[in-house]
Each structure stands twice: as structure tokens, then as C-alpha cells.
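I am opening these notes to record what I looked up, entry by entry.

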Amino acid sequence: MIFFQKMAQEPIDTNCMTLTRWILAEQKKYAPTGTGDFTQLLASLQTAVKAVSAAVRRAGISDMFGVAGNVNVQGEEVKKLDVLANELFINMLRKILKFCHHIYQENDNEIEVETERQGKYIVTFDPLDGSSNIDCLVSIGSIFAIFKKPHDEPLAPGDALQSGRQIIAAGYALYGSATMMVLSAGHGVNGFMLDPSIGEFVLSDPDMKIKPRGKIYSINEGYEEKWEPAVKEYVKSKKMGTPYGSRYIGSMVADVHRTLKYGGIFMYPATVDSPKGKLRVLYECMPMAYIMEQAGGMASTGTKPILDIVPTSLHQRSPIFLGSKDDVEEILEVIAKHAAK
Ligand code: AHG
């Protein structure tokens with residue numbers, strides 16, 4: 001039997017809100033007399049994300065998996081995807097000469113930019129988070145936060161060590177079944193889906209809000225024996241009565257994005273082996289905490305909001321509990337109960 005079906009013609013939105021249009025509209029709304037530097041900075045981040053997304057999509061056939069410095073069948077040296085992503089972010093930001101300083105994950109050294117290039121902003125980023133998932137095609141992402149340079153003098157070491165309350169914009173890109181950029185500049189959270197047919201991010205998830213309570217917990221349960229008793233008690237309680245679902249991808253961006261969309265809680269707690277947790281404050285915890293708070297959720301170290309941390313080193317780590325407000329408050333109560341014992 002043969003079926004013929006007329007394909008429904010997708011209506012084409014001839015007036016869609018692209019990320020570029022949105023960035024320009026935000027600048028007009030909130031900083032009408034601004035110089036446009038911030039707009040250019042966001043536009044450059046967008047370009048970096050598009051370039052990384054394109055690289056992720058063709059990584060397999062371009063032989064970009066595996067170890068840095070591999071030689072492909074044509075005898076050419078192939079950059080590993082995370083090395084490439086890092087270079088793309090650095091070059092896109094460096095080109096516009098508007099940012100002053102960026103802190104990133106792939107190298108222990110921060111990049112210092114020549115004095116004449118120094119601008120008003122400090123960008124912290126993880127160009128390719130979840131890199132251990134690259135070779136098996138599981139979703140990966142990029143994370144970033146933008147701070148203001150705290151003075152007009154040339155940059156000094158430590159200028160990036162600011163409280164999360166000083167963030168002026170943050171976001172992430174998820175390279176999943178589609179590429180999505182989720183962004184906040186302090187007035188709510190908006191999600192933009194990359195439309196490959198026009199090469200533009202299009203507003204698909206306006207004013208994102210997280211549910212006050214979800215039905216999913218997300219944690220690497222392989223470390224259960226290494227958790228503190230409060231975390232053990234909380235996770236055990238999520239399996240009782242009407243149990244929560246358990247989901248853990250192992251790519252923070254993917255786990256946080258699911259938590260934002262469906263509600264629930266994502267946890268990377270301290271363990272006996274890593275008493276400060278694993279995730280980095282400046283370019284993993286803080287940007288995600290900023291997005292969560294802007295979406296009506298919470299993000300905590302277990303004892304205080306992530307955004308209240310004032311880091312003392314660039315690559316500082318912190319335990320993190322983030323997601324729906326009621327879910328995060330529930331684990332904080334368990335932690336406080338154990339601390340009071
Ligand atoms: P990496 O970039 O080295 O793969 O690390 C990923 C991060 C983060 O994205 C994720 O939430 C966490 O590490 C997963 O760590 P575990 O494997 O310890 O669960």
C-alpha cells in the first residue's frame with residue numbers, strides 16, 4: 001500500500017525576533033545613550049557560539065574528535081573540538097577590541113589583552129563544557145558571564161574576582177538536537193533557537209520561567225558513598241512515596257537546561273574526595289545561578305546563594321544545588337538540619 005501525504009507547508013515568519021534584533025532592542029530599552037560596546041560584545045559571543053555549533057555539527061566527519069594535535073588521513077593536523085571552541089571564543093572576543101579580559105577553562109592562565117585593547121567588560125567563559133561527552137555525541141555546551149571592569153585604571157590581577165551580584169549578563173549555548181542560546185541581561189531569561197536555514201538565532205522561548213517545583217532530581221549517583229549525610233538523606237527521600245524521576249547527562253549545560261524547562265533540581269555537591277565540589281564558580285556556577293534566579297529559581301552552595309560568593313581565585317570551585325525554588329529550599333532545610341546537629 002502506498003500513502004501519499006501532502007506535506008503541510010510551514011508558515012514562514014517574515015518578522016521573527018532574531019537574537020541580533022533582540023540585542024539591539026534591549027540596548028535601546030535599557031541603555032539608550034550607551035556606546036554600543038555591550039551590544040557588540042553580545043554579538044561577538046553570538047558569532048563564537050555559531051562557529052562552535054558549526055564545528056560541533058561537523059566534528060565527526062571533519063575528524064575533530066580525539067586528542068589534540070591528531071593528524072587526519074590527509075596528513076593535516078586536526079584541532080580537537082574543545083581547543084577549537086576555545087580559540088573561537090578568544091578570537092571573536094579579541095577581534096572587537098571591546099572587552100578587556102577573559103577567564104576561561106581550557107587553560108590555567110587568564111588571557112591578558114594589550115592595554116590599548118582593554119575595554120569596559122570582563123568575560124568569563126567555558127567554551128566547551130561537558131567535553132568528556134564529545135566523542136559519544138552527547139549534548140555539550142558553552143557557558144559565559146559578563147562583568148563590568150570595576151575601575152578605569154589598567155586591569156589588575158584579581159579584577160575578575162567579583163561577586164556574582166555584579167554580573168550584568170550571562171547565558172549558555174546548548175549544542176543538542178538543536179542549538180539554543182539562553183540569555184539574560186538582568187531583565188528575565190530568553191531562549192533563542194538557531195535556525196540553520198537562515199543562520200540566525202530566533203526567539204523561541206520568550207521570558208522563560210522555571211516551575212516552583214519539579215519531579216526530577218539530577219546528580220551523579222555513582223558518588224553516593226562520598227556525599228555528606230544531608231545529600232544522601234535528601235536523595236533517598238526523592239525515591240520514596242511518589243518518586244521523582246532521575247536524569248543525569250553529565251554535561252552541566254544539558255542538565256541545567258532540562259531543569260530550567262521541566263523543573264526539578266540539579267546537584268553537584270561536595271564529596272569526600274572533592275570537598276569544594278567540581279564545578280567552577282566564575283564560569284560554570286555563577287552564570288547558571290544568574291539564569292536560574294532570573295527565571296524565578298534558586299542556586300545555592302548549600303549554605304548561601306551562589307551569586308553571593310566573592311571568589312578568591314579564578315578557578316575556584318563550589319558545590320551547587322540549583323533549580324526549582326521549592327526543591328532547592330527543601331534540600332537547604334535538610335542541610336541546615338544536619339548542620340545544627
Ligand atoms: P568536563 O567538561 O570535563 O566533561 O566536565 C563536565 C562538568 C559538567 O559539565 C558536568 O556537570 C560535570 O562535569 C560532570 O561531572 P561528573 O562526571 O563527575 O559527574
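For sorting residues by class, I count Ala, Val, Leu, Ile, Met, Phe, Trp, Tyr, Cys and Pro as nonpolar, Asp, Glu, Lys and Arg as charged, and the others, Gly among them, as polar. The model is predicted, so I note that local features need pLDDT of at least 70 and side-chain atom pairs pLDDT 80 or more, while totals for chains, interfaces and linings use all residues. Residues are numbered from 1 along each chain as its sequence is written, and side-chain values use heavy atoms, with hydrogens and water left out.

Ligand shell. I found 14 residues surrounding the ligand, where near means having a heavy atom within 4 Å of it; D129, Y223, Y248, M252 and Y268 are the closest. By class, this shell holds 6 nonpolar, 6 polar and 2 charged residues. Domain 1 (16–205) and domain 2 (216–339) each supply at least three residues of the shell, the bounds coming from an automatic or database domain assignment.

Polar contacts. I looked for pairs of N or O atoms within 3.5 Å. Oxygen atoms of the ligand lie 2.8 Å from a side-chain N or O atom of N220, 3.0 Å from a backbone N or O atom of G130, and 2.8 Å from a polar side-chain atom of K278. Taken alone the ligand exposes 470 Å², of which the protein buries 83%, by the Shrake-Rupley method with a 1.4 Å probe.

Helix α5. I then turned to residues 252–262, a DSSP run of H or I with at least four residues. Because 9 of its 11 residues are buried, α5 is largely enclosed by the rest of the structure; buried means under 20% relative accessible area (1.4 Å probe, protein chains only). Among the buried residues are M252, D255 and R258.

Technical notes. Buried means under 20% relative accessible area, exposed over 50%, partly exposed in between (1.4 Å probe, protein chains only). Helices (H or I, at least four residues) and strands (E, at least two) are DSSP runs, numbered from the N terminus. A polar contact is a pair of N or O atoms within 3.5 Å; within protein, one must be able to donate a hydrogen and the other to accept it, and residues adjacent in sequence count only if both atoms are side-chain atoms.
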